[in-house]
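Please work through the following exercises with the sequence and the structure at hand. Each task is followed by a solution in steps.

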Amino acid sequence: FSFYDENFPIYTRPRYLPPTKLLDSHVTESILGDGSILKDCSIHKCVLGVRSRIESGAVLQDTLTMGSDYYESNGQRDAMRAKGSIPLGVGAGSTVKGAILDKNVRIGDNVQLINKDHIEDADRPELGFYIRSNLVIVIKNATIPNNMVI
């Protein structure tokens, strides 16, 4: 089976998204999906899905993010923060190492997803995550509150 068979090619569907926007960010050995917005962050050996949002001071390393199904406007994001909610993406000052973030996750500010206690396996669906083989996996549509350390 080949995706590149000249007689029967298989194409991806167009998403009609803007290109990724990088604002004072440092990215190495990574793949960035269309429509992502990265602000003053550091990304190393990661794959970021479409419409990923990474805020100022965030550090991602050895991480897969699935991105988002939709955008939140800057006005919506500001309104959410004003009422204490967390917008889509990875919040300011957060560190994510060796993790998988499913679609539409909301990671608060100053969160540490680093498997601090080196736990091999854990089930915490009520908190929005699992740990498998030392990898932190944040489930679809989950919200990780500000200042949480995993």
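**Exercise 1: a strand and its neighbours**

Strand β16 (residues 129-132) has a covered face, formed by Phe 129 and Ile 131, and an uncovered face, formed by Tyr 130 and Arg 132. The model is predicted: local features need pLDDT of at least 70, side-chain atom pairs count only at pLDDT 80 or more, and totals for chains, interfaces and linings use all residues. Residues are numbered from 1 along each chain as its sequence is written, and side-chain values use heavy atoms, with hydrogens and water left out.

Task: Determine which residue of β17 stands opposite Tyr 130, and describe how β16 pairs with β15.

Solution. 
1. Helices (H or I, at least four residues) and strands (E, at least two) are DSSP runs, numbered from the N terminus. Two strands pair if DSSP finds at least two bridges between them.
2. In a regular strand the side chains alternate between the two faces of the sheet.
3. Strand β15 (residues 121-124) runs antiparallel to β16, and four bridges join them. In this pairing, Asp 123 stands opposite Tyr 130.
4. β16 also pairs in the antiparallel sense with strand β17 (residues 135-138), over four bridges. Here Tyr 130 stands opposite Ile 137.
5. The hairpin of β15 and β16 has four residues between the strands, and Gly 128 in its turn has a positive phi of about 90°. The hairpin of β16 and β17 has two residues between the strands, and Ser 133 takes a positive phi near 50°.

**Exercise 2: a residue in a loop**

Task: Locate Leu 127 and state which residues it touches, not counting residues up to four places away in sequence.

Solution. 
1. Leu 127 lies in the loop between β15 and β16.
2. Its relative accessible area is 40%, so Leu 127 is partly exposed (buried means under 20% relative accessible area, exposed over 50%, partly exposed in between, with a 1.4 Å probe and protein chains only).
3. Contact means heavy atoms within 4.5 Å. Leaving out residues up to four places away in sequence, Leu 127 touches Thr 143, Ile 144 and Met 148.
4. Leu 127 and Thr 143 are 16 residues apart along the chain, and their C-alpha atoms are separated by 8.0 Å.

**Exercise 3: the parallel sheet**

Task: Give the order of the five strands in the open sheet and name its edge strands.

Solution. 
1. The five strands follow the order β2-β5-β8-β11-β14, with parallel pairing.
2. The edge strands, each pairing on one side only, are β2 (26-28) and β14 (112-113).
3. Within the sheet, strand β5 (residues 42-44) runs parallel to strand β8 (residues 59-61), and three bridges join them. Ile 43 stands opposite Leu 60 in β8.
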